[in-house]
Amino acid sequence: MTPILSTRILSDQQKSKLLKQGFSVTEIDFIQTHSIEFELKNIGDLLLFTSQNAIKSVLLHPKKDSLKSIPCICVGEKTAKLLSENNWKVLHYEEYATDLGNYIKQHCAKNRITFFSGNLRRDILPNVLRNNQIPHNEIQVYKTILLSEKVNSPQKAILFFSPSGIQSFLQQNSFSNEIIFCIGRTTAEEVSKHTKNYIISEKPTIDSLIECVIAHFTE
């Protein structure tokens with residue numbers, strides 16, 4: 001069997017796909033996210049989400065329904081789907097923050113944007129808003145905690161799902177000859193600082209990443 005490490009716990013269905021193809025899967029959550037308390041104030045006329053974690057935190061707020069009439073833009077197809085399922089109108093989404101930043105510059109210059117974020121969010125979109133003098137405020141609604149753990153067993157491949165997962169892994173481990181599989185360009189940018197031996201999934205989704213792993217080892 002081919003030993004691989006997933007740096008987050010997979011669903012039973014996702015893990016089953018790998019097991020059926022002859023992989024031995026070790027799963028460790030290298031990060032955890034927690035909702036935090038926050039105030040809903042100075043809310044703009046356009047909401048910005050870059051993760052499902054932010055949506056889940058906002059949905060816990062007792063005044064969440066006051067936001068449902070405000071349209072949204074977001075990063076990620078799954079993020080857009082979760083917003084729609086909870087009765088938000090999604091005006092636009094892109095798979096990457098850089099691409100959404102371009103959309104914001106072209107179409108949102110006259111909006112007042114409220115960005116719901118986490119503590120380890122990247123600077124791409126705040127920089128776009130600031131540099132283009134687009135009125136905005138940011139409300140931190142969740143916290144990401146790094147849960148680094150030493151991995152002693154050798155692996156043929158390691159699956160990463162976020163830049164923070166890579167940072168957590170490298171606190172107690174290092175890369176050697178493993179093939180690193182990255183869930184999209186953003187994660188790959190972080191990996192590229194430490195190794196050139198990486199592959200990027202076609203889409204920034206877990207299912208696409210798993211398909212990428214299977215295709216690589218069975219071709």
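Me: Which residue of strand 8 is the bridge partner of Ile 113, and what makes strand 7 and strand 8 a pair?

Reply: The partner of Ile 113 in strand 8 is His 136, and the two strands are joined in the parallel sense over 6 bridges. Pairing asks for at least two DSSP bridges, so strand 7 and strand 8 qualify as a pair. This is a predicted model, in which local features need pLDDT of at least 70 and side-chain atom pairs pLDDT 80 or more, while totals for chains, interfaces and linings use all residues. Residues are numbered from 1 along each chain as its sequence is written, and side-chain values use heavy atoms, without hydrogens and water.

Me: What makes strand 3 and strand 6 the edge strands?

Reply: The open sheet has 6 strands in the order 3-8-7-4-5-6, with mixed pairing; strand 3 (31-35) and strand 6 (90-94) each pair on one side only, which is what makes them edges. From one strand to the next the twist averages 20°.

Me: Which strands pair with strand 4 in the parallel sense, and which way do its residues point?

Reply: Strand 4 pairs in this sense with strand 7 over 4 bridges and with strand 5 over 3 bridges. Leu 46 stands opposite Ile 113 in strand 7, whereas the bridge partner of Leu 48 in strand 5 is Ile 73. Leu 46 and Leu 48 point one way from strand 4, Leu 47 and Phe 49 point the other way, and all are buried (under 20% relative accessible area, with exposed over 50%, partly exposed in between, 1.4 Å probe, protein chains only).

Me: Why is Asn 42 called exposed, and why does Asn 87 get that label?

Reply: Asn 42 has 63% relative accessibility, and therefore counts as exposed against the limit of over 50%; Asn 87, at 60%, counts as exposed by that limit too. Asn 42 lies in the loop between strand 3 and strand 4 and has a positive phi of about 55° although it is not a glycine. Asn 87 is found in the loop between helix 3 and strand 6, and its phi is positive at about 70°, again without its being a glycine.

Me: How do you know that the buried residues of helix 5 are on the same side?

Reply: Leu 125, Pro 126, Val 128 and Leu 129 are the buried residues of helix 5 (residues 124-131), and because they cover an arc of only 160° around the axis, they are on the same side of the helix. Their cover includes strand 4 (46-49), strand 5 (72-75), helix 4 (97-107), strand 7 (113-118) and strand 8 (136-146). Just after helix 5, Gln 133 takes a positive phi of about 55°.

Me: Why is helix 1 called roughly parallel to helix 8?

Reply: Helix 1 (residues 12-20) and helix 8 (residues 206-218) pack at an angle of about 5°, with their axes 10 Å apart. Angles under 35 degrees count as roughly parallel, and therefore helix 1 is roughly parallel to helix 8. Gln 14, Lys 17 and Leu 18 in helix 1 meet residues of helix 8, among them Ile 206, Ile 210 and Ile 214 (contact means heavy atoms within 4.5 Å).

Me: Which residues have the most contacts inside the largest nonpolar core?

Reply: Leu 47, Phe 49, Val 58, Trp 88, Phe 116 and Val 141 do, in a core of 18 residues. Strand 4, helix 2 (52-58), strand 5, helix 3 (77-85) and strand 8 each supply at least two of its residues.

Methods. The arc is that of the directions from the helix axis to the C-beta atoms. Axes are lines fitted to C-alpha atoms, for helices over the stretch in contact, and angles run from 0 to 180 degrees between N-to-C directions. A nonpolar core is a set of buried Ala, Val, Leu, Ile, Met, Phe, Trp, Tyr and Cys residues joined through side-chain atoms within 4.5 Å. Angles under 35 degrees count as roughly parallel, over 145 as roughly antiparallel, 65 to 115 as roughly perpendicular and the rest as oblique.
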